[in-house]
Amino acid sequence: MKIFSKIAICITLFICVAILIISIYPGALNSFFFPVMLVSIVCVPIFAILAILFWGLRTLGRQNLKSIRLRRQTFVPWREVTIIAGIVLVCYVLLKFYIPRRLAFMISQSAFEQVRVQLPISAKEKITLNRKLGLYEVDKYAMDSRGGAYFRVFWGGDGLSPDVISYGFVHQPNREESPFGAANYQVFYLCGDWYWFRVSDDF
C-alpha cells in the first residue's frame, strides 16, 4: 500500500509540475483541454470497467471468510492523501494567481521592452516577428488604436469552430479592442503596465 501511495504522490507531483510549466505560455493549457476531454470520454469508462473487473476477480479469488473479512477492512493512508491534496491545492493557487506566468514574464520583460521601443508601428498594423524574447517565442507584433503594444506568443482554435484565438502579452492595452480580434477579448494584469490577453478573431 505504501508503494502505491508513493507512486500516487509522484504522479500527482509530476502532473502538477507539468501543468505549472505549461501555464507559463498563455493559452497553452487551453489548447490541451479539448484533446484531453476527448481522450477522457473514451479512457475513463475503459478504466472504470477494468477496475470493476479487477475487483470482481479479486473478490472471487478469496478462499475463505476470514480472508474476505480481513481484505474488506479499508485502510486510508491519510498522510499520503493529505500530501496529494496539499500538492493539488498549491498547484491550484499558483495557477489561479498566474504565479509561474508572472515569474517567467518578469525574466523576459526587458526583451519585450526593447522590442516595444524599437518597433513602434501604426495602429492595428500587424507585423511578423518570429523572435524569441526571453522565454517566449513571439510570432506577431501589433499596436492598437491607443498605442497598446501586443505580442502574440500562442494561437489556436477552440476545437469547435474555425475562429483563431490569440494569446500573448500587451503593454498598456486598449480594453475595448485589440489588433487580433474583438470577440471574447480579455486582459489580465501581470506587473507594471503589462498584461496578458486572450481574444478571438471572430469579429
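Q: Is V199 buried or exposed?

A: V199 is buried, with a relative accessible area of 0%. The model is a predicted one, and this value was computed from it.

Q: Where does V199 lie?

A: V199 is part of strand β6.

Q: Which residues is V199 in contact with, leaving aside its neighbours within four places in sequence?

A: With those neighbours left aside, V199 is in contact with V164, I165, S166, S178, F180, G181, A182, A183, N184 and Y185. For A182, there is also a distance: its C-alpha atom is separated by 6.4 Å from that of V199, although the two residues are 17 apart along the chain.

Q: Why does S178 count as buried?

A: S178 counts as buried because its relative accessibility is 4%, and the cut-off for buried is under 20%. S178 is found in the loop between β4 and β5.

Q: What does the side chain of S178 reach at 2.9 Å?

A: At that distance the S178 side chain reaches the backbone oxygen of G181. Neighbours within four places in sequence aside, S178 is in contact with Y150, Y185 and V199.

Q: And S200, where is its place?

A: S200 is in strand β6. S200 is buried, at a relative accessible area of 7%. Beyond its neighbours within four places in sequence, S200 is in contact with D163, V164, I165, F180, G181, A182 and A183.

Q: Stepping back, how many helices and strands does the protein chain have?

A: The protein chain has five helices and six strands. Read from the N terminus, the order of elements is α-α-α-α-α-β-β-β-β-β-β.

Q: What percentage of the 203 residues is buried?

A: Buried residues account for 31% of the 203 residues in the protein chain. As for contacts between residues at least 6 apart in sequence, 48% join residues at least 24 apart.

Q: Which members of the largest nonpolar core touch the most other members?

A: F105, F112, L133, V138, F151 and F169 do, in a core of 21 residues. At least two residues of this core come from each of α5 (99–118), β1 (126–133), β2 (136–143), β3 (149–156), β4 (165–171), β5 (183–191) and β6 (194–200). The largest share, five residues, is supplied by α5. As a general background, nonpolar side chains tend to be buried together in soluble globular proteins.

Q: What is F151 in contact with, leaving aside its neighbours within four places in sequence?

A: F151 is in contact with F112, V115, R116, L133, V138, K140, Y141, Y167, G168, F169, W194 and F197, once those neighbours are left aside.

Q: Which residues does the second core include?

A: Y150, F180, V187 and F197 are among the nine residues of that second, separate core.

Q: Changing topic to the surface: which residues form the nonpolar patch?

A: The patch is formed by L89, Y92, V93, F97, I99, L103 and M106, which together have about 700 Å² of accessible area. Helices α4 (78–96) and α5 each supply at least two residues of the patch, while F97 is in the loop between α4 and α5.

Q: What does the accessible surface of the protein chain come to?

A: The accessible surface of the protein chain is about 13,200 Å², and 68% of this belongs to carbon and sulfur atoms.

Notes. Residues numbered from 1 in each chain as written. Predicted model: local features only at pLDDT ≥ 70, side-chain atom pairs only at ≥ 80, totals over all residues. Heavy atoms only, no water. Core = buried A, V, L, I, M, F, W, Y, C linked by side-chain atoms within 4.5 Å. Buried < 20%, exposed > 50% of the residue type's maximum accessible area, 1.4 Å probe, protein only. Helix = DSSP H or I, 4+ residues; strand = E, 2+ residues; numbered from the N terminus. Contact = heavy atoms within 4.5 Å. Areas by Shrake-Rupley, 256 points an atom, 1.4 Å probe, with all protein chains shown as cover. Polar contact = N/O pair within 3.5 Å; in protein donor to acceptor, adjacent residues only side chain to side chain. Patch = residues over 30% accessible without salt bridge, like charges linked within 9 Å, V, L, I, M, F, W, Y side chains within 5 Å. Salt bridge = Lys/Arg side-chain N within 4 Å of Asp/Glu carboxyl O.
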